[in-house]
Amino acid sequence: MSATLDKAAAENFPVAPAFLPRAWRDGLMAVYGYARLVDDIGDGDLAPGGRDAVLLGLDPAATDDRLAMLDAFETDLLRVFGSSDGPPRHPLLLALQPVVRDHGLTPEPFLGLVEANRQDQHVTRYESYADLVSYCELSANPVGRLVLSLTGTSTPERVRRSDAVCTALQIVEHVQDVAEDLGRDRIYLPAEDMRRFHVSEADLAAPTAGASVRALVAFESQRARELLEEGPPLVGSVHGRLRLLLAGFVGGGRAALRAVTAAGFDVLPGPPRPTKPGLLREVAAVLRTAPRKG
């Protein structure tokens, strides 16, 4: 369990910073633990030994059967929401149960994250940008919706802006992780854009990016940058410490894009990561430009 939560430090943005109220931090870490674990199942990144499989009621050897693991994980998730066969078996889901109860969370965002990882098992290429956005609706947008629900600030307008920011953050990760994703036989750069920029899969497997790959990465980065423009109005619509948290998400995306730009859009040697000073500068810029309401 701790190994899963330890991965929070590697994210582009602060997951549950210390300035938040304890109840919010606990809730955010429980949601992060859930999202991280379902991603680890989908990516085949679980700890060796099969302990997670056993916790979910499967044979240890089932760890390598990602679809079986995702099915068992979804079954355990439904126990969080009161299915009839007892409490959740996995400790991360057990920790999620009081958060769900205290904040009145619904199953839909959690189920979306499971479905995104199921999709990863049989969809490894995306023909169009619209297809990719549809994937992000499952893989990223539920997280932002959960943050708004946890903090009691969900409204239709905030959800709309949050969805744009979360889709942007997912695209940023896809841009940073082109080489890593290709190693898993996944490409999240739309095929129609690859053709437009004359980029082949072999080009993505090179040790460094040529001009065409750099142009493609710059194009996708700009798409993410435009989606992040919904961030300052979202930040400006809330108050207090939540304002800082959401500015951290938006600033993290901007800082990551700045790192990609600083690398000359060559993401193939490894993912360009923002520095802490760079992150802080971007967060401050978001706060300065966020319109204040009420």
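Which side chain makes a polar contact with the side chain of Gln176? The side chain of Arg273 does, at 3.3 Å. Before going further, note that this is a predicted model, where local features need pLDDT of at least 70 and side-chain atom pairs count only at pLDDT 80 or more, while totals for chains, interfaces and linings use all residues. Residues are numbered from 1 along each chain as its sequence is written, and side-chain values use heavy atoms, with hydrogens and water left out.

- Gln176 is found in helix α9, residues 156-176; helices here are DSSP runs of H or I with at least four residues, strands are E runs of at least two, and both are numbered from the N terminus.
- Gln176 is buried, at a relative accessible area of 1%. The cut-offs are under 20% for buried, over 50% for exposed and in between for partly exposed, with a 1.4 Å probe and protein chains only.
- Besides Arg273, the Gln176 side chain reaches the backbone oxygen of Pro272, at 2.8 Å.
- A polar contact is a pair of N or O atoms within 3.5 Å; within protein, one has to be able to donate a hydrogen and the other to accept it, and residues adjacent in sequence count only if both atoms are side-chain atoms.

**The cavity**

- Rolling a probe the size of a water molecule over the atoms shows where empty space is left.
- Searching the whole structure turns up one cavity of 30 Å³ or more. A cavity is a set of points, on a 1 Å grid over the protein atoms alone, where a 1.4 Å probe fits but cannot get out; lining residues have an atom within 4 Å of a point.
- The largest cavity has a volume of about 50 Å³. That volume is the space filled by probe spheres set on the grid points, which are joined across faces, edges and corners.
- The lining of the largest cavity includes His174, Asp177, Arg186 and Tyr188.
- Helix α10 (residues 178-183) gives the largest share of that lining, three residues.
- By type, the lining splits into six nonpolar, one polar and three charged residues. Ala, Val, Leu, Ile, Met, Phe, Trp, Tyr, Cys and Pro count as nonpolar, Asp, Glu, Lys and Arg as charged, and the others, Gly among them, as polar.

**Aromatic pairs**

- The count comes to seven aromatic pairs. Rings of Phe, Tyr and Trp (its six-membered ring) pair if their centres lie within 6.5 Å; planes under 30 degrees apart are stacked, over 60 edge-to-face and the rest tilted.
- Phe81 and Phe110 make a tilted pair, with 5.8 Å centre to centre and 55° between the planes.
- Phe81 sits in the loop between α4 (66-80) and α5 (91-103) and Phe110 in helix α6 (residues 107-122), so this pair ties together parts 29 residues apart in sequence.
- Phe81 is partly exposed at 25% relative accessible area, whereas Phe110 is buried at 0%.
- Tyr135 and Tyr188 are stacked because their ring centres are 5.5 Å apart and their planes are at 25°.
- Tyr135 belongs to helix α7 (residues 129-139) and Tyr188 to the loop between α10 and α11 (191-196), so the pair links parts 53 residues apart in sequence.
- Both Tyr135 and Tyr188 are buried.
- Tyr34, Phe73, Phe81 and Phe110 form one aromatic cluster.

**Cysteines**

- The model has zero disulfides, a disulfide being a pair of cysteine sulfur atoms within 2.5 Å.

**Loops and backbone**

- Most residues other than glycine have a negative phi.
- Asp185 has a positive phi, near 60°; Asp185 is in the loop between α10 and α11 and is partly exposed at 42%.
- His198 also has a positive phi near 60°; His198 is in the loop between α11 and α12 (201-204) and is exposed at 65%.
- Pro60 lies in the loop between α3 (51-55) and α4 and is partly exposed at 38%.
- Pro60 and Gln222 are 162 residues apart in sequence and 44 Å apart in space, C-alpha to C-alpha.

Notes. 1 Å grid on protein atoms, 1.4 Å probe; cavity = no way out; pocket = protein on both sides within 12 Å on 5 of 7 lines; lining within 4 Å.
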